[in-house]
Each structure stands twice: as structure tokens, then as C-alpha cells.
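Dear colleague,

Please find below the structure that I am handing over to you. A summary of the findings follows it.

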Amino acid sequence: MAPARGNGIRRLLRDVPVFAGSAPGFDPSSAPDEPLELFEEWLRQAVEAGVSEPHAAVVATADAGGSPSARVLILKDADERGFSFATPSSSRKGRELAQRPEAAMVFHWREQARQIRLRGPVLIGTPEENALDFRERSPEGRAAGMHGRQSAPLGDPDEVARAFEEGLAAVEADPEVVPSSWALYRLVPMEAEFWQGHPQRLHTRLHFTRSSIDDAWKRELLWP
Ligand SMILES: Cc1cc2nc3c(=O)[nH]c(=O)nc-3n(C[C@H](O)[C@H](O)[C@H](O)COP(=O)(O)O)c2cc1C
């Protein structure tokens, strides 16, 4: 193996502070019994505190062999049915979800030293739900989503601009048009964890579990 190059990255990393945000208080004993309610409470606090892109979450999926892959997606909604995100079903994540319909989702609100983790099965929306999500997107968003080729190898970068122009024309010709690949997915949490960071590492972790969507949530604290 070639000798390791200088340790520039290591040095850079050592000088970067962590948990530098201003941590709001979190008292798990007075937290709601339902993760969804606590999520809404924390999301509202994040929005009010000006957290950058609090609706951006890392979503991890795995292929049939169990190899994981993760990427950032925008949370479109959250209710009793689950936490939803939208993407082409033909993308890598869409193909993985078809093979293994389960995922993990992580929000990191660094300005508040907060992390929320969710895990559970993933359901694909009905054709009506998929269509509604697509039609609510901006014309540019719809134009970009029309080609359905996300995650496919790209030979010529100019093809992206051409596909966008074609998508724009298709959307202008028929504002109701929906590509067959567009999908709204819902992660149905069976596990949820709310993590509040602390500058002296006295972090707080509130963990919820249930074994089915009809079960009551159980809650416990976890060692940080
Ligand atoms: C802040 C942010 C938000 C994103 N939102 C979405 C999204 O809502 N839907 C989507 O398909 N890709 C979104 N992406 C792009 C994905 O991270 C990813 O590159 C793309 O979905 C392809 O993933 P895949 O190859 O694993 O299927 C977003 C990226 C970032 C950085």
C-alpha cells in the first residue's frame, strides 16, 4: 500500500468545533407520548430558531444484499401514516425500496445540537397521492422530474438541459401531466429517537419503539 499522504484532513478536522450551536433545553419527562407530536414541537422550534433547511433529512436504504446507501431528501409531510418524501421510483433509492421496503431517516439540526432518527417500513403512495405530490411542485421542479432518469449513468451533460427543456414543454402543454416513475414514499416509524446534544457531552436521548402501527409507543432513555 502507498504511504499515507500528509495529515491535512486530520488537522482540519481536529480544529472544527462540534455541538457549537446553542442547545435549547429538553426535558424528556415532560415530552409528549407520541413521537409525531414531539417531532412537530421540535420542528416548530427549529423553524422559529432559523435552523437552515430543517426539512432536509438523510434517508438510508439498502439493496437486496443489505448494502446500504444514503442521501439527503426533503421531507414533504409527516402525519399518523408516516414521514413522506418524493422521488422517482426508477432512481437507485426507488429500486432499493422496491427490493427492501424499509429505511432509516435522520435529521440533524446543528444550530440546536439536535438529531432525530426514525426507522421503519416504507410504503409507496397510491397513484393519486403520487400525482398530487407531483402536481404541487413548481413548473421547474416538474420539468426536472419528467425524464425519470435520476441515478442512471449520464453520457453527455448537455442531455440534462435538453431533457429539462423537453420536460418544460411537456408541463406547459399539459399542466396535469405526471411521469409514471414519480412516487411519494412514506416511512412508517417503528422506532424514533430524539437526541439533544450538550456542550459537556451530557447528551439526552429519548427512544420510542412500537411493534406495529396500531401499538402504543413505549419510551425509554438511552445512554448517550
Ligand atoms: C438538500 C437536498 C435536498 C434534496 N431533496 C431531494 C428530494 O426531495 N428528492 C430527490 O429525489 N432528491 C433530492 N436530493 C438529491 C438526493 O440527495 C440524491 O442525489 C438523488 O435523489 C439520487 O439519489 P439515489 O441515486 O440514491 O436514488 C436532494 C439533495 C439535497 C442536498
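In this predicted model, Arg186 and Glu129 form a salt bridge in which the closest N and O atoms are 3.2 Å apart. Arg186 is buried, with a relative accessibility of 13%, whereas Glu129 is partly exposed at 21%. Both residues also belong to a network of salt bridges that links them with Asp79 and Arg81.

The count of salt bridges comes to 14. Another of them joins Arg119 to Glu191, with the closest N and O atoms 2.9 Å apart. This pair likewise links distant parts of the chain, since Arg119 is in strand 6 and Glu191 in strand 8 (residues 191-196), 72 residues apart. Glu191 is partly exposed, at 25% relative accessible area.

A further salt bridge lies within one helix. Glu40 pairs with Arg44, and their closest N and O atoms are 3.3 Å apart. The two residues are four residues apart in helix 2 (residues 35-48), which means that about one helical turn separates them. Glu40 is partly exposed at 43% relative accessibility, and Arg44 is partly exposed at 47%.

Finally, I turn to helix 3. Within this helix (residues 92-99), the buried residues are Lys93, Gly94, Glu96 and Leu97. They lie on the same side of helix 3 because they cover an arc of only 165° around the axis. Among the elements they pack against are strand 1 (56-62), strand 2 (68-74) and strand 7 (182-187).

Yours sincerely

How values were computed: Residues are numbered from 1 along each chain as its sequence is written. This is a predicted model: local features need pLDDT of at least 70, side-chain atom pairs count only at pLDDT 80 or more; totals for chains, interfaces and linings use all residues. Side-chain values use heavy atoms; hydrogens and water are left out. Buried means under 20% relative accessible area, exposed over 50%, partly exposed in between (1.4 Å probe, protein chains only). The arc is that of the directions from the helix axis to the C-beta atoms. Contact means heavy atoms within 4.5 Å. A salt bridge is a side-chain nitrogen of Lys or Arg within 4 Å of a carboxyl oxygen of Asp or Glu.
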